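Student: Could you walk me through this structure, starting with how the chain is divided up? I'd like the cut-offs along the way.

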Amino acid sequence: MNPPTETSPQPCDLLVHGSHVVTMNAGRDVIRHGAVAVRGTEIVAVGKTDELRRRFAPAREVGGGHHVVTPGLVNTHIHVTGEPLTRGYVPDDTPFVENVFEWLCPLYSVYDAAEERTSAQLAAVEMLRSGTTTFLEAGTIRFLDEVVDGLVQTGIRARVGQWVWDLPPEPGVYRQTTDQAIAHLAEQLDRHRSHAGGRVAAWSILVGHTTCSDPLWRAAKALADQHGVGLSFHMSPAQLDPDGFIAEFGQRPMVHLAELGVLDRNVAMTHVVRIDEQELGLIAASGASVVHCPTTALKVSYGVTQVGRFPEMVQRGINVSIGTDGNNASNYSDLMRATYLVAGLFKDARTDPQMFPAETALEMATLGGARTMLLDQQIGSLEVGKRADLVVHDTDRPEWRPLLNVVNQLVWSADGRSVDTVVVDGAVVVEHGHCTTVDEERLWADAQRMGESITARSGLPDRAKFPTW
Ligand SMILES: [Zn+2]
């Protein structure tokens with residue numbers, strides 16, 4: 001192919017440009033007055049805006065002189081069902097066991113199919129509008145087909161799965177035997193192999209904790225391997241999991257999972273707060289990824305700053321990415337706010353300002369998330385050949401001025417409110433801060449109506465402490 005000349009600009013679909021393009025490429029280049037050219041779903045060039053304008057004749061331009069362009073963020077643990085439509089109903093002073101079993105599980109079991117679909121869309125719109133283009137689901141509660149349908153419409157990139165478990169405690173609404181659980185996993189991996197050109201697809205997703213028998217653990221890993229996808233589950237946010245594994249198997253969770261052959265590079269474990277030195281070594285040796293949900297740790301009192309080993313994980317080469325979890329444990333889904341906490345928590349906990357520099361936190365929110373989701377060849381940075389998942393911040397806002405150090409600004413000053421435009425797979429899905437793929441007004445109204453209905457049907461009391469009249 002001949003190199004393009006000044007007189008023959010190539011057609012492209014989109015030119016996204018800004019005062020800064022934060023590429024997150026191997027050299028971590030930040031390009032002043034830079035641009036990204038997109039054709040179809042793919043990035044075809046990254047460089048100076050002037051140069052790309054000479055090389056390309058875009059059908060559309062996005063961004064401008066007061067905009068910062070970044071890769072789409074990757075949220076690697078979020079409950080898109082069960083939580084978004086009951087956000088904030090659970091009081092913030094309930095102990096862990098009461099929180100999970102007396103509040104969350106009953107609320108999860110009330111949603112119907114239409115409510116789960118709307119719940120997933122509300123979560124996706126909140127993520128897209130705050131700069132997250134890809135997420136790993138914590139596990140659909142009951143109606144995966146409707147959730148997939150709703151997510152495909154929003155334009156977000158996702159790996160999803162209806163969670164299974166086969167040990168008590170289990171609310172009756174999703175009770176299942178080991179054979180049923182395994183059959184269910186296999187069936188959903190087949191049915192949701194790929195939607196929207198691979199944008200939405202199923203993973204092998206377990207609840208985790210102490211809810212799985214050994215045959216279910218082994219089968220979930222084997223199914224993930226057979227389908228070339230990942231396996232995701234919760235583990236050890238609180239002392240309950242190590243205590244439960246020791247009581248049942250005489251081993252701590254990571255030791256037992258390693259013996260079962262579950263720990264591996266295609267595994268994403270969420271929380272992982274209560275681990276010992278041996279478990280840290282097992283995770284490092286396995287290549288498994290860990291998802292840090294700092295907001296949940298803060299709100300549900302996991303003790304992450306006291307006993308969490310996230311600095312040691314990073315030092316040992318474990319891939320750590322970031323999640324926002326459920327909307328009653330972490331009431332927002334703006335990954336930028338969670339990234340801020342990742343950068344700050346251990347600076348204070350270890351009285352060491354060198355813990356989690358802003359650059360490391362941003363890597364975790366982009367490249368780290370892509371690695372957790374086994375998508376590091378496709379997303380996480382702005383490079384030729386990768387999928388066109390981009391976020392454009394409008395920096396004509398007080399928290400962005402003056403703009404002197406763009407990475408510091410992204411992590412420490414900005415949040416999702418400055419997101420102006422979002423592109424996923426080359427398609428503009430957020431424009432001037434609004435999601436273009438769904439009817440937002442209708443979504444707000446549906447979410448309110450459904451949230452009031454779900455909480456009423458749950459029979460759980462309204463525990464708001466201030467008199468409301
Ligand atoms: Zn979770």
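Tutor: The domain assignment of the protein chain gives domain 1 (10-71 + 388-435) and domain 2 (73-372), with bounds that come from an automatic or database domain assignment. This is a predicted model, in which local features need pLDDT of at least 70 and side-chain atom pairs count only at pLDDT 80 or more, while totals for chains, interfaces and linings use all residues. Residues are numbered from 1 along each chain as its sequence is written.

Student: How many residues of domain 1 are in contact with domain 2?

Tutor: On the domain 1 side there are 21 residues, in contact with 25 residues of domain 2, where contact means that the C-beta atoms of two residues, placed from the backbone, lie within 7 Å. Helix 15, strand 16 (419-424) and strand 17 (427-431) are the elements that give two or more residues to the side of domain 1 that touches domain 2, and helix 15 gives the most, with five residues. Helices (H or I, at least four residues) and strands (E, at least two) are DSSP runs, numbered from the N terminus. The centres of the two domains, taken over C-alpha atoms, are separated by 29 Å.

Student: And the largest nonpolar core, which residues touch the most other members there?

Tutor: Val16 and Val36 do, out of the 142 residues in that core. A nonpolar core is a set of buried Ala, Val, Leu, Ile, Met, Phe, Trp, Tyr and Cys residues joined through C-beta atoms within 7 Å; buried means that 20 or more other C-beta atoms lie within 10 Å of a residue's own, exposed means 12 or fewer, and partly exposed is in between, with C-beta atoms placed from the backbone. The largest share of this core, nine residues, comes from helix 13. Both domain 1 (10-71 + 388-435) and domain 2 (73-372) give residues to this core, so it lies between them.

Student: What does Val36 touch?

Tutor: Not counting residues up to four places away in sequence, Val36 touches Val16, Val21, Ile43, Val46, Val69, Leu382 and Leu390.

Student: Back to helix 13: which residues in it are buried?

Tutor: Leu335, Met336, Ala338, Thr339, Tyr340, Leu341, Val342, Ala343, Leu345 and Phe346 are buried in helix 13. Just after helix 13, Thr351 takes a positive phi of about 40°.

Student: Where else does the backbone do something like that?

Tutor: As background, most residues other than glycine have a negative phi, and most peptide bonds are trans. Ala196, which is not a glycine, has a positive phi of about 50°; Ala196 is found in the loop between helix 5 (178-191) and strand 9. Ser236 has a positive phi near 55° and sits in the loop between strand 11 (231-235) and helix 7 (240-249). There is also a cis peptide bond between Arg401 and Pro402, with omega about -5°, and Pro402 lies in the loop between strand 15 (390-394) and helix 15 (406-413).

Student: Are Ala196 and Ser236 buried or partly exposed?

Tutor: Ala196 counts as partly exposed, because 18 C-beta neighbours lie inside 10 Å, whereas Ser236 is buried, with 24 other C-beta atoms within 10 Å.

Student: Changing topic, what is the strand order in the open sheet of four strands?

Tutor: The order is 6-7-8-9, with parallel pairing, and two strands pair if DSSP finds at least two bridges between them. Strand 6 (73-78) and strand 9 (200-202) are the edge strands, each pairing on one side only. Neighbouring strands of this sheet are turned by 15° against each other on average, direction ignored; axes are lines fitted to C-alpha atoms, for helices over the stretch in contact, and angles run from 0 to 180 degrees between N-to-C directions.

Student: How many bridges join strand 8 to strand 9?

Tutor: Three bridges join strand 8 (residues 157-160) to strand 9, and the two run parallel; Arg159 stands opposite Ala201 in strand 9.

Student: Which helix lies across strand 6 and strand 7?

Tutor: Helix 14 (residues 358-372) does, running at about 55° to strand 6.
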